[in-house]
Amino acid sequence: MPSQTEIQLAQEQLADFPAYYEGDYKPLVGLLIRWGASKHEAEDVAQEAMLAAFMSWATIQSPKAFVRKAAYRILLRSRQVAERETCAASRVAQDAMVDAFDANEDLPKYWRMMRALPEAQRVVFALHHDGYGSSEISEITGQPRGTVRSNVRHARQKLVRMMDPESTRREVSHGP
C-alpha cells in the first residue's frame with residue numbers, strides 16, 4: 001500500500017496533466033489528421049494516447065514525444081485491424097463466389113480453371129476446398145503454413161478473375 005507521501009507526490013505530479021491535455025490535444029488531433037486519419041479516428045486515437053500518458057504520467061520525461069509515439073502506434077494498430085477485417089471480408093466474398101461455381105454443372109470449365117493454376121496452388125486449393133486447414137495442408141504437402149495460406153490466397157484470386165474477368169478491371173480502375 002502506498003504511503004501518504006507517495007500518494008501526495010502522485011497527486012502533485014498529476015496536477016500538471018490537465019494543463020498539458022488542454023494544450024496538446026488539438027495539435028495532436030491535427031497531426032493525426034495530417035498522418036491520414038479521419039477527424040473521428042484522430043480524436044479516438046488522441047484520446048487513447050492521452051489516456052496512456054495519464055496512466056504513465058509520473059514516469060514520462062517528454063509528454064509530447066510520449067503521446068505522439070503512442071498515437072502513432074495506436075493509429076498503426078487500428079489500421080492493421082481494419083486491413084485484416086477488410087481482407088477477411090474479401091476472402092469470404094471470394095470464397096462464396098468460388099463455392100457458387102458448381103463443378104458438376106460445367107466440368108470442362110472447372111478442370112480448365114484448375115489446370116490453369118500452378119501445381120502448388122492447385123494442390124493446396126483443392127485440399128482447402130475439401131475442408132483441410134492450413135496446418136493439415138502444411139503437413140500433407142510439406143509446405144510451410146505461410147506458403148500454404150499464400151497459395152490458397154493466390155489460387156482464390158486467380159479463380160475469381162477467371163470466373164469474373166470484370167473484377168480485374170474494377171480492381172485496376174478503383175483500387176483494392
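R77 is partly exposed, with a relative accessible area of 43%. This residue belongs to a predicted model, and R77 pairs with E48 in a salt bridge. The closest N and O atoms of E48 and R77 are 2.9 Å apart. E48 sits in helix α3, whereas R77 sits in helix α4.

How many salt bridges does the count come to? The count is three.

Stay with helix α3, which spans residues 39-55. Here K39 forms a salt bridge with E43. The closest N and O atoms of this pair lie 2.6 Å apart. K39 and E43 are four residues apart in the helix, so about one helical turn separates them. K39 is exposed, with a relative accessible area of 56%. E43 is partly exposed, at 26%.

Now turn to D24. Its side chain meets that of R68 in a salt bridge, 2.7 Å from N to O. This pair links distant parts of the chain. D24 lies in helix α2 (residues 17-34), and R68 lies in helix α4 (residues 63-100). The two residues are 44 residues apart. Is D24 buried or exposed? D24 is buried, because its relative accessible area is 4% and the cut-off for buried is under 20%.

Key
Residues numbered from 1 in each chain as written. Predicted model: local features only at pLDDT ≥ 70, side-chain atom pairs only at ≥ 80, totals over all residues. Heavy atoms only, no water. Salt bridge = Lys/Arg side-chain N within 4 Å of Asp/Glu carboxyl O. Buried < 20%, exposed > 50% of the residue type's maximum accessible area, 1.4 Å probe, protein only.
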